[in-house]
Amino acid sequence: MRVTASCVCGSDLWPYGSMSPVDGPARMGHEFIGIVEETGSDVRTLAKGDLVVAPFAFSDGTCDFCREGLHTSCVHGTFWDMEPDEGGQAEAVRVPLADGTLVKLPVAADSALMPSLLTLSDVFGTGYHAAVAGGVTERTRVTVIGDGAVGLLAVLSAKMLGAEQIVLMGRHRTRTDLGREFGATDVVAARGEEGIERVRELTGGHGTHVVIEAVGTMPAYEQAVGVVRPGGVISRVGVPQYEEAPIGFASLFRHNIRLAGGPAPARAYAEELMPAILDGAIEPGKVFDATTDLDGVPAGYQDMADRKTLKVLIKP
Ligand SMILES: [Zn+2]
């Protein structure tokens, strides 16, 4: 497919910060929209000219896990990031398992809805998965840790699922303002013990039923443990940068706290989330605050790493 819109993900910043040049070049990017240029002989549902969005993992759509809606565990698929020869921050991508992976978009490639539709690749599906995996309902109070694109779209998702209270923990004013627009009822800028104290004040001292952890660091996990209500769920969608974390008596066991989350099966949510974008009810594409061409991608990474921009849209 020829890529018409792509972007830089917050999770791209982990390898950006840690990859060594001796590892050799790798194509980057796992969020993209484009036009089908050519199909393999086994492809049945797509044809040249179709406009499609790709989730951040490719999947066959037919194995046991795909049928259960867990496309990220597909027995024949994997993440784009595990395929060094393919990536969405590019002019074109060869898509394996195209029938199972790609989702047709019923608009033109120059539609004003493109930024919002591009969030179906990852950040919106991931924010939504965080809320679903946490069990958000109308009776739920939610804390969202992290004011990156996923955190903000987790706020929007919790709002869509009817959450009674949504506390957004973040320090960047322009981002938390967007979070309020998406449905946050409270914003807590403080971190650590002070942040935990503040969330507890806002929730009658008990913390919230669901805590969405959309960062991936140990301090963010510790913050989640600090603000979760007895019987509640910590739903993690920030890629964990740790292997060991407290799960013992004092942290989770004592109050029946459950741990949920993981890589979002964005493919499973694409059709469900698309109508509200198409009819203009929601605008998740507001998380994009910069646009560049392919030549500007390195600077786009740097700007996101420096927190100068929230999320960079790429028009190859
Ligand atoms: Zn599968």
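Me: What are the helix and strand percentages over residues 2-106?
Reply: Over residues 2-106 the chain is 13% helix and 19% strand, with the end C-alpha atoms 17 Å apart. Helices (H or I, at least four residues) and strands (E, at least two) are DSSP runs, numbered from the N terminus. This is a predicted model, in which local features need pLDDT of at least 70, side-chain atom pairs count only at pLDDT 80 or more, and totals for chains, interfaces and linings use all residues. Residues are numbered from 1 along each chain as its sequence is written.

Me: Which UniProt annotation lists residues 2-106?
Reply: The unreviewed UniProt entry lists them as "domain: Alcohol dehydrogenase-like N-terminal". UniProt positions follow the numbering used here, feature names are shortened, and annotations may be inferred rather than shown by experiment.

Me: And what does UniProt give for residues 149-266?
Reply: The annotation there, also from an unreviewed entry, is "domain: Alcohol dehydrogenase-like C-terminal". Over residues 149-266 the chain is 37% helix and 23% strand, and the end C-alpha atoms are 15 Å apart.

Me: How do H6 and H7 pack?
Reply: Helix H6 (residues 149-160) and helix H7 (residues 173-182) pack at an angle of about 15 degrees, their axes being 8 Å apart. Axes are lines fitted to C-alpha atoms, for helices over the stretch in contact, and angles run from 0 to 180 degrees between N-to-C directions. H6 is therefore roughly parallel to H7 (under 35 degrees; over 145 is roughly antiparallel, 65 to 115 roughly perpendicular and the rest oblique).

Me: Which residues make that contact?
Reply: H6 contributes Leu152, Val155, Leu156 and Lys159, and H7 contributes Arg175, Leu178, Gly179 and Phe182. Contact here requires C-beta atoms, placed from the backbone, to lie within 7 Å.

Me: Changing topic, at what angle do H5 and H10 cross?
Reply: The axes of helix H5 (residues 123-134) and helix H10 (residues 266-278) cross at roughly 95 degrees and come within 9 Å. H5 and H10 are therefore roughly perpendicular to each other. Among the contact residues are Phe124 and Tyr128 of H5, and Tyr269 and Leu273 of H10.

Me: Is glycine 24 buried or exposed?
Reply: Glycine 24 counts as exposed, because it has 8 C-beta neighbours inside 10 Å. The cut-offs are 20 or more other C-beta atoms within 10 Å for buried, 12 or fewer for exposed, and partly exposed in between, with C-beta atoms placed from the backbone. Glycine 24 lies in the loop between H1 and strand E2 (32-35).

Me: How far apart are the C-alpha atoms of glycine 24 and proline 84?
Reply: They are separated by 9.8 Å, although the two residues are 60 residues apart along the chain.

How values were computed
Contact = placed C-beta atoms within 7 Å.
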